[in-house]
Amino acid sequence: MSWTPPDRPDWVVAVNLGQVLPIQEEADLPLTRDALAGEASARLGHEFGSASERLRAFGRPGFEAEEAFDALEQFLQALDREARLNVMGRWMTRRFLLRLLEVRLQIMDYLDQDPGVREEEIVAPIFVAGAPRTGTTILHTLLASDPQHRVPEGWELLRPVPPPSPIPEEFARDSRIPLANRELVRPQTVVSGLLSIHEYGGRKPKECLSAMSFAFQSEELTARYSVPSFERWLVGSDMSPAYRMHRLVLQILQRRQEQTAWVLKSPVHLHDLPTLFEIYPDARVAVTHRDPLTLLASLTSLIANLRWAHSDHVDAAAIAGAHVERYRATFERLVDWTEEKRLPLEQIHHSHFADFRRAPIETVRRLYTQFGVETSEATEDAMRKALSANPSDRHGTHAYSQDDLGTDPTRLRTEFTRYQARFDVESDG
């Protein structure tokens, strides 16, 4: 394995040595369901006579608290047994989970205040759903630059209640922006080099994972932490509650807006396309492709760095092995779903990482043609400007190697032969 832990700033070293008392004291507080739910309730001024009453406050019909709390309990048990958090990791995790619980309470309260929000129509959203590191970010950036589209920003998905203002100046001054910015930028300050792999921020486009996390069924929880038992549970679970929560968050965000042409993104959708189409029957899905060994090597590096922000014990070989198995199974299912026509194939567009390298505007033009989206020279000019403003190496280069997969690449490639043949995915090198 070529991955090595990056340097940590001196202040992070001091935190992990227990030398920053306020952080140490907060990190020592219990990471249990009742403790976290109780504190989240107290922060929002909720009072309950019993733990069962408190639990019920986190759910409404269609968004049952029992489902969410079962998922949370599965995660917390794995976190306690397997994640081996350091002080910084425990402190960040506690704040992360408290925010999820607080916002879930806010969402449930909002349903009481404005039950009509459930009737908001999410019309024909576009989902960018390729595997990680396959060109999803560049495609999402290009689609986001089109003025007719709306891409949720980081602060909107972290704190969607109340609905944001439809007035641009007020939207840009929302006090939730700095709150989200501090949470999203923090890991980039804890681990050197993370910014070169993926950039986060309150006003940056944000992936769907953050909305799904309010159901506690999200790969945000498996990316940041080594929790293999929870990962197995998540892979085998019905993801409908997470997708219903995702749709509700979008309904809240567009409540004060005119009907919105949403453009959304997350690699996790590739694992559950039937569920996505069940919740969004008119969705249009853009699937991006790249050499599986290259994308898995890059993903291994990203996940290793994310976990290094939370723990002193990162097993890059285990990360690689888990993701090889995960994507081998996903790509096999994608071939099956396609060949058996179990998906609305006319609503799915396929492209390749190399397409965005060679001809990004032409690639988007073909996507627009298939999905019936109008374009113009002004739109394409905006896309060209977005490309110029967002070069892939603006924060440094991301170094990784197929050696990070810990297995002979020639032998490993045979596991992806069927996928590469079906979707004409070229091998690198």
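This report covers the salt bridges of a predicted model.

The count comes to 33 salt bridges.

**Arginine 255 and glutamate 120.** Their side chains form a salt bridge, with N and O 2.9 Å apart. The pair joins distant parts of the chain, 135 residues apart. Arginine 255 sits in the loop between helix H15 (240–253) and strand E2 (263–265). Glutamate 120 sits in the loop between helix H6 (87–113) and strand E1 (126–128). Glutamate 120 is buried, because its relative accessibility of 18% is under the 20% cut-off. Arginine 255 is partly exposed at 28%.

**Aspartate 355 and arginine 358.** This salt bridge has an N to O distance of 3.5 Å. Both residues belong to helix H19 (residues 353–358). They are three residues apart, about one turn of the helix. Aspartate 355 is buried, with a relative accessible area of 15%. Arginine 358 is exposed: its value is 61%, and exposed means over 50%.

**Arginine 384 and glutamate 377.** The closest N and O atoms of this salt bridge lie 3.3 Å apart. Arginine 384 is partly exposed at 34% relative accessibility. Glutamate 377 is also partly exposed, at 48%.

| Salt bridge | N to O distance |
|---|---|
| Arginine 255 – glutamate 120 | 2.9 Å |
| Aspartate 355 – arginine 358 | 3.5 Å |
| Arginine 384 – glutamate 377 | 3.3 Å |

**A network.** Salt bridges also link Glu332, Asp336, Glu339, Arg418 and Arg422 into a network.

Definitions and conventions. Residues numbered from 1 in each chain as written. Predicted model: local features only at pLDDT ≥ 70, side-chain atom pairs only at ≥ 80, totals over all residues. Heavy atoms only, no water. Salt bridge = Lys/Arg side-chain N within 4 Å of Asp/Glu carboxyl O. Helix = DSSP H or I, 4+ residues; strand = E, 2+ residues; numbered from the N terminus. Buried < 20%, exposed > 50% of the residue type's maximum accessible area, 1.4 Å probe, protein only.
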